[in-house]
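Here is a short briefing for a first look at this structure.

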Amino acid sequence: MSGSEGRALDLNASLIPRRRPGSVGLEVSALGLGCMGMSQTYGVPDDRESIATIHRALERGCFFFDTAEAYGPFVNEELLGRALRGRRDEAVIATKFGWEYEGTRRGELNSKPEHIRQVVDECLERLETDRIDVLYQHRVDLEVPIEEVAGTVGELIQEGKVLHFGLSEAGAGTIARAHEVCPVALLQTEYSLWERHIEQEILPAVRERGIGLVAYSPLGRGFLTGTALPAAEYPESDYRRYDPRFQGDNFTANSAAASVVREVATKHGATPAQIALAWLLHRGEDIVPIPGTKRRVTLEENLAAVDVALDAEDHQRLDEALPPEAVAGTRYPEAVMHMNGR
């Protein structure tokens, strides 16, 4: 089997493993499913196929689903709620708060306690559930002390509306302050062979406190799968048209840097996506990647990564080819980069 074909898809495949990332006792599937792209950012939504993908994920033991009020906005939570009707107890749902909205138009950050409470009630309704398994602050709001945010989520946990507190794209200092008030179960941030900015400071900070790491965009928005195109070839509705790493010389340099992933994939008879996910899974039992897809065939390909065993030579090749400084361009446009790592 060639590297481009990857491991065969087995519709009768066994359940994927589970993990307990962090010290709070939360159990999730070793790979989660990022649901954002089902409703926005990457291509045209297809609710029917998306729901079928969620159902297939449950059948394979992939039961950790990631959404947010911001995705759509709102419609992604509604989609997940519909998909899980009658099956809610089979799933672990993570969603996020943190923005003002006028209708569907997103405004400024807002993590005021009364706003958090309002958003949680709205999320529960959209998700058709009585509790949120993991509630993340989507981005740190500098206008509201993180201690107030953590305290409010702690109250919601006492009330049973939320089970666990999470942070997204927070800096090490913020994580430490929040954790003192309400235990942080999970930190969600971008992490992959393609984006390793957390390794120096943030990853040690969460591990010191027994906080699990949820890695979003684990496939580098397509670069690590070998499917990336130059920015101009994406439609106006696709985020990658504006991503700095897909522009001009950055795209050329980044494509070359990712070529070693394809070489390792050929060695293992796997796809580049499976190699990228296997690399993350081997970084520690406290790390849970959440690759996103709205297609069953891609879901099956991603889940097969749990069966890829990388050896020491593979890790050395990948680490040397894609060190933190190897990628050209910022990971977000400058207009939004300032909201990360606060």
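The largest nonpolar core has 102 residues, and Phe-64 and Phe-65 have the most contacts inside it. Helix H9 gives the most to this core, with 8 residues. A nonpolar core is a set of buried Ala, Val, Leu, Ile, Met, Phe, Trp, Tyr and Cys residues joined through side-chain atoms within 4.5 Å. Buried means under 20% relative accessible area, exposed over 50%, and partly exposed in between, with a 1.4 Å probe and protein chains only.

The model is predicted: local features need pLDDT of at least 70, side-chain atom pairs count only at pLDDT 80 or more, and totals for chains, interfaces and linings use all residues. Residues are numbered from 1 along each chain as its sequence is written, and side-chain values use heavy atoms, with hydrogens and water left out.

- Phe-65 is in contact (heavy atoms within 4.5 Å) with residues beyond four places in sequence, including Leu-33, Ile-54, Leu-80 and Ile-93.

**Helix H9**
- Helices are DSSP runs of H or I with at least four residues, strands are runs of E with at least two, and both are numbered from the N terminus.
- In H9, 10 of the 10 residues are buried, so the helix is largely enclosed by the rest of the structure.
- Among the buried residues of H9 are Pro-272, Gln-274, Trp-279 and Leu-281.
- The cover over them includes strands S1 (18-19), S11 (212-216) and S12 (287-289), and helices H8 (259-268), H10 (296-303) and H11 (312-321).

**Ala-278**
- Ala-278 is found in H9, which spans residues 272-281.
- Its relative accessible area is 0%, so Ala-278 is buried.
- Leaving aside neighbours within four places in sequence, Ala-278 is in contact with Ala-305, Val-308 and Leu-310.
- Thr-129 is 149 residues from Ala-278 along the chain, and their C-alpha atoms are separated by 33 Å.

**Helices H4 and H5**
- The axes of H4 (residues 146-159) and H5 (residues 172-181) come within 8 Å and cross at roughly 40°.
- Axes are lines fitted to C-alpha atoms, for helices over the stretch in contact, and angles run from 0 to 180 degrees between N-to-C directions.
- H4 and H5 are therefore oblique to each other; angles under 35 degrees count as roughly parallel, over 145 as roughly antiparallel, 65 to 115 as roughly perpendicular and the rest as oblique.
- The contact is made by Ile-146, Glu-147, Ala-150 and Gly-151 of H4 and by Thr-174, Arg-177, Ala-178 and Val-181 of H5.
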